[in-house]
Amino acid sequence: MDVSLRWRERLTDGVFVVASVLIYFLGLWVIKSMIMIFIITILLLAADFYYLKNIAGRRLVGLRWWNEVDPQTGESQWVFESLEPGTRQINATDSRFFWLALYVQPVWWILMAILAIIRLQFLWLPLVAIALALTIINTLAFSRCDKFSQASNFAGGAFGSTNLAGSIASNFVSRMFRS
């Protein structure tokens with residue numbers, strides 16, 4: 001991947017994260033229109049969730065996840081996807097940036113919740129709850145996706161991916177991580 005493209009990926013993800021927290025923070029102290037702050041923050045959080053889940057995760061660390069619902073039973077199933085080993089080398093800086101941004105977001109929103117409680121501004125807590133839900137879902141899903149990827153790579157490498165045993169091992173490991 002081109003270096004300039006990687007920087008654009010990191011910058012775009014960083015803009016969504018920082019903008020949503022900054023708009024919320026400014027709304028808490030400076031801007032008095034709660035409705036406007038609520039709408040702008042939700043839109044930024046939704047854009048960050050979508051971008052991180054569908055674009056940045058795939059391009060920066062080679063991981064992607066989604067949730068499928070069986071129409072007959074209504075059961076939900078998490079689906080994880082990762083690049084095949086050797087397909088593309090993941091840049092260490094991209095990976096560190098991705099995981100740092102992923103794990104820092106829920107911490108920021110927890111701090112914002114504590115701040116809202118301390119200042120007795122309970123009307124902001126639903127917004128913080130939505131932000132926490134979106135960031136924690138992404139964090140947990142990508143963490144599981146990464147564990148699934150590592151386990152599949154280990155199982156495939158241990159038995160060889162070109163034979164029947166390797167295929168069985170990879171399928172077994174993928175079933176272990178399904179919800």
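**Entry 1: the loop at leucine 120**

I looked up leucine 120 and found it in the loop between H3 and H4. Helices such as these are DSSP runs of H or I with at least four residues, strands are runs of E with at least two, and both are numbered from the N terminus. The model is predicted, so I note that local features need pLDDT of at least 70, that side-chain atom pairs count only at pLDDT 80 or more, and that totals for chains, interfaces and linings use all residues. Residues are numbered from 1 along each chain as its sequence is written, and side-chain values use heavy atoms, with hydrogens and water left out.

Is leucine 120 buried or exposed? Leucine 120 counts as exposed, because its relative accessibility is 62%. The cut-offs are under 20% relative accessible area for buried, over 50% for exposed, and partly exposed in between, with a 1.4 Å probe and protein chains only.

I then checked the backbone angle. Leucine 120 has a positive phi of about 60°, although it is not a glycine. Most residues other than glycine have a negative phi.

**Entry 2: the whole chain**

I counted five helices and two strands in the protein chain. Their order from the N terminus on is α-α-β-β-α-α-α. The chain has 179 residues, and buried residues make up 35% of them. I also looked at contacts (heavy atoms within 4.5 Å). Among those between residues at least 6 apart in sequence, 70% join residues at least 24 apart.

**Entry 3: two threonines in H4**

Threonine 139 is in helix H4, which covers residues 125–159. Threonine 139 counts as buried because its relative accessible area is 8%. Where does its side chain reach? The side chain of threonine 139 reaches the backbone oxygen of leucine 102 at 3.1 Å. I set aside neighbours within four places in sequence, and threonine 139 is then in contact with Leu102, Tyr103 and Pro106.

Threonine 135 lies in helix H4 too. Threonine 135 counts as buried, because its relative accessibility is 5%. A polar atom of its side chain lies 3.3 Å from the backbone oxygen of leucine 132. Not counting residues up to four places away in sequence, threonine 135 touches Gln105, Pro106 and Trp109.

**Entry 4: the cavity**

I searched for cavities on a 1 Å grid over the protein atoms alone; a cavity is a set of points where a 1.4 Å probe fits but cannot get out. Grid points are joined across faces, edges and corners, and a volume is the space filled by probe spheres set on the points. The count is one cavity of 30 Å³ or more. The largest cavity has a volume of about 50 Å³. Which residues line the largest cavity? Among them are Leu45, Phe49, Leu102, Gln105, Thr135 and Thr139; a lining residue has an atom within 4 Å of a point. H2, H3 and H4 are the elements that give two or more residues to this lining.

**Entry 5: aromatic rings**

I found six aromatic pairs in the structure. Rings of Phe, Tyr and Trp (its six-membered ring) pair if their centres lie within 6.5 Å; planes under 30 degrees apart count as stacked, over 60 as edge-to-face and the rest as tilted.

Tryptophan 65 and tryptophan 78 form a tilted pair, with 5.1 Å centre to centre and 35° between the planes. This pair links distant parts of the chain: tryptophan 65 is in strand E1 (residues 63–69), tryptophan 78 is in strand E2 (residues 76–82), and they are 13 residues apart. Tryptophan 65 is buried at 4% relative accessible area, and tryptophan 78 is partly exposed at 24% relative accessibility.

I turned next to phenylalanine 98 and phenylalanine 142. Their ring centres are 5.0 Å apart and their planes are at 85°, so the pair is edge-to-face. Phenylalanine 98 lies in helix H3 (residues 92–118) and phenylalanine 142 in helix H4, so the pair ties together parts that are 44 residues apart in sequence.

Phe49, Trp65, Trp78 and Phe80 form one aromatic cluster. Lysine 53 lies over the face of tryptophan 65, at 4.9 Å from the ring centre. The rule for a charge over a ring asks for NZ of Lys or CZ of Arg within 6 Å of the ring centre and within 35 degrees of the ring normal.

How values were computed. Polar contact = N/O pair within 3.5 Å; in protein donor to acceptor, adjacent residues only side chain to side chain. 1 Å grid on protein atoms, 1.4 Å probe; cavity = no way out; pocket = protein on both sides within 12 Å on 5 of 7 lines; lining within 4 Å.
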